[in-house]
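Q: Hi! I've just opened this one and could use a guided tour. Mind if I ask a few quick things as we go?

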Amino acid sequence: MDEQERDAGGAGGSDARLAAAFRDAAAHPPPAGFDAGDVVAASRRITRRRRSALAGGALAVLAVAGVGTAGLVGGPEAAPTSSAASAPAADGRRAAGPDGGPAAGSAPDAARAGGPAQQAAPELAPVPAPVPQPPDGTGADAAAGDAAAAGGGPPLGPGTAACADRQDPALRALLERALPEVAGAPEAAVTTECRPAGERGLALEVREGSTSGLLSVTYLPPGRAVDPPGVAEPPAAVARTAATASGGTVVVASRAGRAGDPSPFADRLDAVVARLAPQL
Amino acid sequence: MARGGQAQGDDGFDAYFRARRDAVRRTAYLLCGDWHRADDHAQAAFVALHRHWRRIRDRDALDAWMRRTLVRSIVDESRRPWRRERSTDAVSEARPAGVAAPAHGPADAVATRHVLVDGLRAVPPRQRAVLVLRFLEGLDVAATAAVLGCSPGTVKSQTAHGLTALRAALGDALDDLRTAG
């Protein structure tokens, strides 16, 4: 220990006593609540869920883009056939093509599923924790987020999973439209805690210029209040809250990754929360 | 500290998991003060690791990555609106102030553990993380700074502040640690 630590920590002999006390405090763990099988099963469940969300989100984007393209190209006379015009746009080759339309729209989804942006991350990028939830419905939820973001659907509203999704794909779709710079950002680690049904959450590791940090979005359903800012709020955190169209509350917060740095996108949070509120 | 360098594929993951599970759980426990939440955080970290396992190039960095994921997860959770931690001025009633330090019986040993964990919960999360990494995991300043993504100077100052906060929280409850300072 150096001088500064010695002021509080005393002589080196105390280090050993402290270490022994720390070890002893955690020396008798109860039986573990999980084994390797649980970990592998949860990991595979998340992988399946993400693929499903990717497929659902991409299809929704393609459908929206197809309808829009038909309206622009065909004009008023083409309106009766606009639903048929969306069919070719759902072709996967079209989505991957160089025309910039649907392919550009699907880029965030590709990144979310481990696309180029995520593969370019450091050796081990933090990833989401397992979130207990029903096996189905995530893709549809992501599609609903895309529709709400495109202005063509009702507000997203409360989540439908038994436990709130801590990395909600629908919420991410909305955020990526409100703040395109975070498209492809790696997901921050979250816990397996089962949050009450209806909530939605999202936590991303984001970078703005030379600063990086955590950007989180939380949707609380109607009737669930946000704690007032407390003394434990990290000094570098910036948060914005707004009432949503579904009667709930959305909280967007940004925190710098290291003390003293500015919180990334802090000056954009007002605009982001204003854009998300009518869509949630 | 276990290394996964010789491990390959899922078998390698199993070996790493077996070697490190309890150590990760213990670290999580001192970071959050509750075995159930500790298991949640530890499992989440292992699941995240498994999802990346085949793409990991530097197997020697596994332990550092697990620590970083665990600390970030627990510190972030403590700041979420629904689980924002409130610092307390003193440890709970595990041992009233002024009562003599524990003797060496089994019941006293259990009480001692609880007092220290309660004391840690009164330490701000980042400072608590520094203390756990340094005194439970035995990391030096540089390794702790690497895990937390901060400078060595920050680790030193947070160690000092964390120890001060811990001892203030312990009061007379754990004379061994108090007098150690």
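This is a predicted model: local features need pLDDT of at least 70, side-chain atom pairs count only at pLDDT 80 or more; totals for chains, interfaces and linings use all residues.

Q: Good to know. How many helices and strands does chain B have, then?
A: Chain B comes to eight helices and zero strands. From the N terminus on, its elements run α-α-α-α-α-α-α-α.

Q: And what about chain A, how many helices and strands there?
A: Chain A has 10 helices and four strands. Along the sequence the pattern is α-α-α-α-α-α-α-α-α-β-β-β-β-α.

Q: What share of the residues in chain A is buried?
A: In chain A, 46% of the 280 residues count as buried. For chain B, buried residues make up 50% of 181.

Q: Next topic: contacts along the chain. In chain B, what share of contacts between residues at least 6 apart joins residues at least 24 apart?
A: That share is 66% in chain B. In chain A, residues 24 or more positions apart account for 68% of the contacts with a separation of 6 or more.

Q: Let's zoom in on H5 of chain B. Where is it, and what should it span?
A: H5(B) covers residues 125–136, and its 12 residues should span 16 Å at 1.5 Å a residue. The end C-alpha atoms are 15 Å apart, which agrees.

Q: Is H5(B) largely enclosed or largely open?
A: Largely enclosed by the rest of the structure, because 11 of its 12 residues are buried. Among them are Pro125(B), Gln127(B), Val132(B), Phe135(B) and Leu136(B).

Q: Which residue with positive phi follows H5(B)?
A: That would be Gly138(B), with a phi near 75 degrees.

Q: How do H3(B) and H5(B) pack?
A: Their axes are 10 Å apart, at an angle of about 155 degrees. An angle over 145 degrees counts as roughly antiparallel, so H3(B) and H5(B) are roughly antiparallel to each other. H3(B) passes H5(B) in a right-handed crossing.

Q: Which residues meet there?
A: From H3(B) you have Arg67(B), Val71(B), Val75(B) and Ser78(B), and they meet Pro125(B), Arg126(B), Ala129(B) and Leu133(B) in H5(B). The residues of this contact divide into five nonpolar, one polar and two charged.

Q: What about H5(B) and H7(B), at what angle do they pack?
A: About 100 degrees, with the axes 8 Å apart; H7(B) is the helix of residues 152–170. That makes H5(B) roughly perpendicular to H7(B). The contact includes Arg126(B), Val130(B) and Arg134(B) of H5(B), along with Val155(B), His161(B) and Leu166(B) of H7(B). By class, the contact of H5(B) with H7(B) has six nonpolar, five polar and three charged residues.

Q: Back to H3(B). How does it cross H6(B)?
A: The axes of H3(B), residues 62–79, and H6(B), residues 141–148, come within 8 Å and cross at roughly 60 degrees. That makes H3(B) oblique to H6(B). The crossing of H3(B) past H6(B) is right-handed.

Q: Last one: which residues of H3(B) and H6(B) meet?
A: Ala64(B), Arg67(B), Arg68(B) and Val71(B) in H3(B) meet Ala146(B), Val147(B) and Leu148(B) in H6(B). This contact of H3(B) with H6(B) has five nonpolar, no polar and two charged residues.

Terms used:
Residues are numbered from 1 along each chain as its sequence is written. Chains are lettered from A and ligands numbered from 1 in the order in which they are written. Helices (H or I, at least four residues) and strands (E, at least two) are DSSP runs, numbered from the N terminus. A residue is buried if 20 or more other C-beta atoms lie within 10 Å of its own, exposed if 12 or fewer, and partly exposed in between; C-beta atoms are placed from the backbone. Two residues are in contact if their C-beta atoms, placed from the backbone, lie within 7 Å. The expected span of a helix is 1.5 Å times one less than its number of residues. Axes are lines fitted to C-alpha atoms, for helices over the stretch in contact, and angles run from 0 to 180 degrees between N-to-C directions. Angles under 35 degrees count as roughly parallel, over 145 as roughly antiparallel, 65 to 115 as roughly perpendicular and the rest as oblique. A crossing is left-handed if the near helix is turned anticlockwise from the far one by less than a right angle, and right-handed if clockwise. Ala, Val, Leu, Ile, Met, Phe, Trp, Tyr, Cys and Pro count as nonpolar, Asp, Glu, Lys and Arg as charged, and the others, Gly among them, as polar.
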